[in-house]
Amino acid sequence: MTSPTRNPFRAATTLTGVALACGAAAVSAQTTTTTASMELVMLVDSSGSIDNTEFALQRQGYIDAFRDTDVQAAVASRDGVAVRLAYWSNHNQLQASSWYVLRDAADCEAFSTVIEGMARPFSSGTDMAPALDWAVADLTNNTIASSRMVIDVSGDGICEIYSAAHRDDDDDDDDDDDDGTSGYDWDQTMTSISDNGVTLNAISVGNTSGLEAWYADNLPTGPGSFAMHADDFVDFGDGIKQKLIREITPSVAAALYD
Ligand SMILES: [Mg+2]
């Protein structure tokens, strides 16, 4: 196992006050190990390309998903589903809820209330890579023991660090290794995900040119990983429900959606 070399969000804001409002037990970083069937980090795009109306629809999609009876049944069928939601934008901008272990419908309802309490923190760049680095470090270092670690990333844009890293800035025939400014390396981020046994699933939204293909080609990592696309933020909510069911109960989702 390798550890990510960069973790700019180790001291990221955790919404403790919001966490206390949730009926599900928040996992304290100081307690002994908690067990769950899986751990799921939801990384949600809070970059400036998403206007406030779209952001509200996106947030409502996650809120509604955890209030959906099919999602709640999927959660109840497992022996604990640990979840955490984080908003990301620029490379130094990430705000996360606490970890919660959901076991029944009431826990899912409570987690929806947590999401409702998280105001939009940022509206800057589309730096997905640092958020992915943070999530890998969080999954591998937290006090939750499970047999499956999953990152679920959503957004409406191509990662700017990827774009910069794959631009040929010096007119030779090779892509340059990094974006030359932030020091992040897209390939290193993706290698860290696979080397740590983390599964990465993704859902893109909107009509940005090349977005759906970029998500499908560059993000899914690990056995059974997948990418989905929603045409707009209104459709996004249904996509999130399907995605959660597919992540929590892959065999059930295969029957429903394949
Ligand atoms: Mg963006």
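Q: Where is the place of A82?
A: The model is a predicted one. In it, A82 belongs to strand β5, which spans residues 81-88.

Q: Is A82 buried or exposed?
A: Burial is judged here by counting neighbouring C-beta atoms, and 20 or more within 10 Å make a residue buried. A82 has 25 other C-beta atoms within 10 Å and is therefore buried.

Q: What does the secondary structure of the protein chain come to, and how many of its residues count as buried?
A: The chain comprises 10 helices and 11 strands. Of its 258 residues, 47% count as buried. As for contacts between residues at least 6 apart in sequence, 78% join residues at least 24 apart.

Q: How many residues of α9 are buried, and what does the helix reach from its first C-alpha to its last?
A: Helix α9 is mostly covered, with 13 of its 16 residues buried. From first C-alpha to last, α9 reaches 23 Å, close to the 22 Å expected at 1.5 Å a residue.

Q: How are two packed helices described?
A: The description rests on the angle between the two axes and the distance between them. For α2 (residues 52-67) and α9, the axes come within 8 Å and cross at roughly 30°. Angles under 35 degrees count as roughly parallel, and α2 and α9 are therefore roughly parallel to each other. Their crossing is right-handed.

Q: Which residues make the contact of α2 with α9?
A: On the α2 side they are E54, L57, Q58, Q60, G61, Y62, D64 and A65, and on the α9 side F233, V234, F236, G237, I240, K241 and L244. The residues of this contact divide into 8 nonpolar, 4 polar and 3 charged.

Q: At what angle do the axes of α3 and α9 cross, and is the crossing left-handed or right-handed?
A: The axes of α3 (residues 69-76) and α9 (residues 233-248) cross at roughly 15° and come within 9 Å. These helices are therefore also roughly parallel to each other. The crossing of α3 and α9 is left-handed, whereas that of α2 and α9 is right-handed.

Q: Which residues of α3 and α9 meet?
A: A helix has 3.6 residues a turn, so residues three or four places apart point the same way. In α3, D70, V71, A74 and V75 meet K241, L244, I245 and I248 of α9. The residues of this contact divide into 6 nonpolar, no polar and 2 charged.

Notes. Residues numbered from 1 in each chain as written. Predicted model: local features only at pLDDT ≥ 70, side-chain atom pairs only at ≥ 80, totals over all residues. Axes fitted to C-alpha atoms, helices over the stretch in contact; angles between N-to-C directions. Helix = DSSP H or I, 4+ residues; strand = E, 2+ residues; numbered from the N terminus. Parallel < 35°, antiparallel > 145°, perpendicular 65-115°, else oblique. Left-handed = near helix turned anticlockwise from the far one by under 90°. Contact = placed C-beta atoms within 7 Å. Nonpolar A, V, L, I, M, F, W, Y, C, P; charged D, E, K, R; others polar. Buried ≥ 20, exposed ≤ 12 C-beta atoms within 10 Å, placed from the backbone. Expected span 1.5 Å × (residues − 1).
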